[in-house]
Amino acid sequence: MSAAQLTARRAGPLRGVVRAPGDKSISHRALILGALATGVTEIEGLLEGEDVRRTAAAMAAFGAGVERLGEGRWRVEGRGGFAEPADVVDCGNAGTGVRLIMGAAAGFAMSATFTGDASLRGRPMNRVLKPLGRMGATWICREGGRLPLTLKGGGLKHIAYTLPEPSAQVKSAVLLAGLHADGGAEVIEPEATRDHTERMLRGFGAEVEVLELGAGRHIVLPGGQTLRGTKIHVPGDPSSAAFPLVAALITPGSEVTVQGMLLNPSRIGLLDTLGEMGADLSVTNVRDEGGETVADVTARHSELEGVETPPERAPSMIDEYPILAVAAAFASGKTTMRGIGEMRVKESDRIALMAAGLAACGIGVEEEPEAMTVIGAKRGNHLVAGGAGVVTHGDHRIAMSHLVLGLAAEAPVRVDEPGMIATSFPGFVDLMRGLGADIGEAVEA
Ligand code: S3P
């Protein structure tokens, strides 16, 4: 998609059955674990967004054989470890990509230099560098732990690390480094975060012990383990499925089914929240695919009520707050989202950008350092005005969220930098159009 801007307009109801693209978190991990393993990993349903393509290229740069066999079908031939890349590794927009790859690379006696786009170069890497440094890795980087950064690994020692922030990326970086650390690694997470790394490590033949600790977990990865190539079927990404599902909830007369959506409990906080808001959602055809539960999820237009989301739910819906804020704009009453400070260090400061975008569209929003309140437009019986041009700072989820809002607002909503949507959801516009959405190239207002 090459449009400089895109506009979403109110049209008819959204109707149809679609498949969500492959899960981004699992796609990155499939390539990285495949490259670390010995032997062949065959992947089906890989997300072919920009972020994951960067990870595929990075794995080739670290010495793995990486081949695209067909749509979503990839073959990775791991050499049982990483070799020093001959050039700078550019991870594009992908925080997950760079943080996990740094963890994996730290296990080997070599240097690797990482960079990314302007957004990624502005994001904090200290959260990963801190534990990797305690394990024995060294680096040189820009002020504040920013990329570009050269990491020198090898000779790592055991760590027992308590996560200061609920981050699956940090947990995963420590576990991947632990694969090649003397004595392995332990991670204590006071709040459970997505557990794809633990599950997938087991799929690659590793021993991982997970002890439940109230709301958190203690993960133990013994050292000296070898991974063996495997087959992976990547389920549909709930973070992407959220956009057509919420679009159906807010657009009168709509009914949309997303097939094959991942229902991992650490990823479905949004479904719980929408359920509490009174959303008409049904989950059918629940099945097991490659060790994960997937299902078909149907959303029908609903009268939504505002709710308060508790801080402890944040890790299971951290990427979904922007689209939840859109659902909240069409609800009656206030929705307050608590404990969402991590949103400020994503591809953009998502609290600030959602507050600005919603306000430009006529929605009342209150912003706090770690919380956001959206005043639903149905209160007082007025409608969501729309009619704004939204600045996305190149953040794919800010762009998709406001386009969804535009589908049910009174006046069209325009977003800039829509090309960034391809980082996580390359077929978004076509998929939405197939459901009946009016999303087109913007005409300058
Ligand atoms: C991810 C973890 C989350 C999430 C990101 C993907 C992962 O980030 O926001 O989109 O795949 O591990 P944090 O670990 O920073 O919370």
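1. Salt bridges between the domains. Four salt bridges are counted between domain 1 and domain 2, a salt bridge being a side-chain nitrogen of Lys or Arg within 4 Å of a carboxyl oxygen of Asp or Glu. Glu-292 forms a salt bridge with Arg-199, with 3.4 Å between the closest N and O atoms.

2. Basis of the note. The model is predicted: local features need pLDDT of at least 70 and side-chain atom pairs count only at pLDDT 80 or more, while totals for chains, interfaces and linings use all residues. Residues are numbered from 1 along each chain as its sequence is written, and side-chain values use heavy atoms, leaving out hydrogens and water.

3. Domain division. Domain 1 comprises 5–21 + 235–441 and domain 2 comprises 24–219, with bounds from an automatic or database domain assignment. Their C-alpha centres lie 28 Å apart.

4. Extent of the interface. In domain 1, 26 residues are in contact with 23 residues of domain 2 (heavy atoms within 4.5 Å). About 1,900 Å² is buried between the domains, 48% of it from carbon and sulfur atoms; this is the accessible area (1.4 Å probe) that two parts lose on being put together, summed over both. On the domain 1 side, Pro-315, Glu-347 and Thr-423 lose the most area to domain 2, together 26% of what that side buries.

5. A polar side-chain atom of Ser-25 lies 2.7 Å from a ligand oxygen atom, and a side-chain N or O atom of Lys-346 is 2.7 Å from an oxygen atom of the ligand. For Ala-168, a backbone N or O atom lies 3.0 Å from a ligand oxygen atom. The ligand taken alone exposes 380 Å², of which the protein buries 95% (Shrake-Rupley method, 1.4 Å probe).

Methods. A polar contact is a pair of N or O atoms within 3.5 Å; within protein, one must be able to donate a hydrogen and the other to accept it, and residues adjacent in sequence count only if both atoms are side-chain atoms.
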